[in-house]
Amino acid sequence: DGLFPIYMTKAPLCKTYLRDVDKRSSCKYDYITTLTFVNFKEALFMRKKAFIASEQSYYDKLGLKKNVEPWEDALRTDGKEGSFEWWYFDAEYTNGTKVVAIFYTKKLFDITGPANPSISFEVTFPDGKQIQKLTSLGAGIVIDASKEKCDLRIGDSSVKFVYGKYELHYVDHEDGVDYRCVMTPKCPMWRPGTGMHYMGEHQEHSYAWLVPLPTADVEGELRVKGETYQLQGSGYHDHDWGDIAMNEIFNHWYWCRASIGPYTIVTSDIIAEKAYDYSRMIHFLAVKGDKIIADDSSKVVVKRENTVIHPETGKFIDNKISFIYTDDEQTVTLECNREKDMFVAKLLDFVDMTPEMRAAAQQMGINPTYMRMIGTSKIIVEKKNGETESYEKEALWEQMFFGGNRDAIIGE
């Protein structure tokens, strides 16, 4: 019977909605009045250990509308123990310069420690030279941020949402670095479903992902030790927060963004940790011009190819990864081909640990790593009527790998 999976669902669903059902009998249709307010699809989601909340009941629960509102990009946690949160921004400029700035409520991915507003800032120049900075205000200082819109300050650096645009300013007085940019959106704000990912048998933990700027026009100015660069290009911004350490819920993920020709694709392939059955959660957004043309992740297939073991991380890396979306009208493909690494890090190197703690972590196989890569990416759009568009350009993507396993383990 269609109701049988609901009947077999573990408490608290059974205890709440089926407490009057005689467990010795099968789930007959004469019990349907007990279940009329239980959404069948939602009940199946509740049996999963990790899933993206996309049913209407979750919108109602979280006070969200289908369209994203500016307040959603404001401070969403208290910035203290038991939470993490960050705002990520990147820009690719026409002269080949790339800038990545991330504003954190804590020190990087820390969740158990105290508040400690931090910024990681990275510039890659056309000749390959880089600036990499990580600054923190200090333990116990709570981030200065609004809960009404994106408006936050860390030291003399800031991000503000003003009249529909984002104004970002990063300054490092010690090294003479000053970066300013204005990011103007080219399409609506977006999130996958409610943006909320629930983890655990009873949805006891959550992680959220919001994309206020899937693609944007960017005008910037970079000053480095007396030299000034005027910049124009395209950019991206997303916002993440949660209530559990990411290494406890996620094994690894790929995140990719490419703006090529008239198209922008933002996508990710997230694999949960062993405790959550290595569940796979896929995000996919395709934009043409200022219109969203595809964002149903259930219609996406991910292909990973040419897998090798990276010499620095000691873990797998896929030299080619493709996201293939298919509906009744079209197939949209993003293909990413790794050519070089912009940044490779073992994250324990950024954690304050005693030598004994570090040795113990290594012995236990704890080795969280992060890679940011660039290479040739292709966007291919194939219409059912036979029309095909294909665009190619260098793009950026990342692999975040919390797990200690060397090879990929992917559940259903």
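A salt bridge here is a side-chain nitrogen of Lys or Arg within 4 Å of a carboxyl oxygen of Asp or Glu. E69 and K65 make one, at 3.4 Å from N to O. This is a predicted model, where local features need pLDDT of at least 70, side-chain atom pairs count only at pLDDT 80 or more, and totals for chains, interfaces and linings use all residues. Residues are numbered from 1 along each chain as its sequence is written, and side-chain values use heavy atoms, leaving out hydrogens and water.

Back to that pair. K65 is exposed, at 52% relative accessibility. E69 is partly exposed, at 22%. The cut-offs: buried is under 20% relative accessible area, exposed is over 50%, partly exposed is in between, with a 1.4 Å probe and protein chains only.

The whole structure holds 22 salt bridges. Another one joins K49 and D277, at 3.8 Å, N to O. These two sit 228 residues apart, each in a loop. D269, R280, R304 and D318 form a network.

Now S118. Where is S118 found? In strand β4, residues 118-124; strands are DSSP runs of E, at least two residues, numbered from the N terminus. S118 counts as buried because its relative accessibility is 0%. Its side chain makes a polar contact with the side chain of S136, at 2.7 Å. For a polar contact, read a pair of N or O atoms within 3.5 Å; within protein, one must be able to donate a hydrogen and the other to accept it, and residues adjacent in sequence count only if both atoms are side-chain atoms.

How values were computed: Helix = DSSP H or I, 4+ residues; strand = E, 2+ residues; numbered from the N terminus.
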